[in-house]
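Please look through the sequence and the three-dimensional model shown here before reading on.

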Amino acid sequence: MDLLSMSAEQSGEFVRLRRDIHRHPELGFEENRTSALVAEKLQAWGYQVERGLGGTGVVGQLRRGGSARRLGLRADMDALPIQEATGLAHASCRPGLMHACGHDGHTAMLLAAARLLAATDFDGTLNLVFQPAEESLGGAVRMIEDGLFDKYPCDAIFSMHNMPGIAQGRLVLREGAMMASSDYVTITLHGTGGHGAMPHHTADPIVAAASIVMALQSIVARNVDPLQTAVVTVGAVHAGQANNVIPQQARLELSVRALDREVRALLQQRIRDLVTAQAQSYGVRAEIDYRSGYTVLVNDAAQTALAREVALELLGPQRVELQGPPLTGSEDFAFMLERVPGSYVLIGNGDGQGNCMVHNPGYDFNDDNIAIGAAFWVKLAQRFLEPGAG
Ligand SMILES: [Zn+2]
Ligand SMILES: [Zn+2]
């Protein structure tokens, strides 16, 4: 029997498991039930299991043969603070919490692969990494800080994320930068408040803020190479209480993204310079809190080539995109790829279930992907840890 059929044959159990995880969503670093379930399954299939790495992370290790090659496969486990509105039988039973990014599916796909791999011949060390808190909290960094790659060294690491709007089961690969860096900036403008009727006795932070919001738009338009990608979004403006009072302060909150480390640095420099100079010109003082979020996710050329070969062999050229477009979203798997070469793969979620994008209350993971995703992982592992590969 071929790998896809074998994977499809056992997928019923993993569809049930996925729906069970979906019914019981847990926020980042609170994945106690989910990680217990993952650990229990891995143990039952003969994996050496460590829990509690990076808070609620789990690593399952399986060694076969004498090869020194080591492969990492990573899935994320956390849910989001969203009230589910799918109306599905397996909808979340926890008010205000929902698996709206499909991490329930990623966990189920990797577990389905783990089960098949436990019954497969390979040569080397397989490290299955189930990480907590992908959504904004940086669970990947916590696992790395906790010694993930010291305890479980990997020669390569791969991860997969579902994507609505791409045909179900289609695999999309990309060499180079694939997901953006994501930085958060809070700008507080300290002015001099006073009576709205006597602005000449004040230093108005609202006028300065308005000017800064407009001036920030010139960074992407005029400073960044037009062939590069950059986003500067002012997502929040807070100032004032009453129509006749000029406030003491105004606050802006920005989301800043780039697909290149130099562009990322340029954005920071220009934002700092421009905000400081603009504020000064209005007689107010700018306090800039620039926080680095997720780094740019860069897929390694050689490992992406391997993933492409495996995808093509598994699904054929009609269902594989060899070089998909980059995305301006961000992903903390980027930090693992800074340590270990690898590749991040997208799997099409189709347009079922309300045609909803991830993070939408109507979204659901497409269970038909469990068999395909698991088969891809197994084939990739077999290829990487091929007996005689060294
Ligand atoms: Zn997400
Ligand atoms: Zn996600």
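The paragraphs below describe the fold and then the two metal ions in turn.

This is a predicted model, in which local features need pLDDT of at least 70 and side-chain atom pairs count only at pLDDT 80 or more, while totals for chains, interfaces and linings use all residues. Residues are numbered from 1 along each chain as its sequence is written, chains are lettered from A and ligands numbered from 1 in the order in which they are written, and side-chain values use heavy atoms, with hydrogens and water left out.

The protein contains 11 helices and 16 strands, these being DSSP runs numbered from the N terminus (helices H or I, at least four residues; strands E, at least two). Its radius of gyration, taken over C-alpha atoms, is 24 Å, close to the 21 Å that the globule rule gives for 390 residues, so the protein is as compact as a globular protein of that length (the rule being 2.2 Å times the number of residues to the power 0.38). Along the principal axes, the C-alpha trace spans about 80 × 45 × 40 Å. Of the 390 residues, 55% count as buried, a term that means under 20% relative accessible area, with exposed meaning over 50% and partly exposed in between (1.4 Å probe, protein chains only). Among contacts with a separation of 6 or more, 81% come from residues 24 or more positions apart, where contact means heavy atoms within 4.5 Å.

E135 counts as buried at 14% relative accessibility, whereas H359, with a relative accessible area of 38%, is partly exposed.

The zinc ion (ligand 2) is coordinated by C101 (SG), H103 (NE2) and H161 (NE2) at 2.1 to 2.3 Å. Here C101, in the loop between β3 (70-76) and α4 (103-118), and H161, in strand β5 (residues 156-164), link distant parts of the chain, 60 residues apart. Both C101 and H161 are buried. C101 bridges the two zinc ions (ligand 1 and ligand 2), which lie 3.1 Å apart.

Notes. Donors are N, O and S atoms within 2.8 Å of the metal (3.2 Å for Na, K and Ca); water is not among the atoms, so sites may look incomplete.
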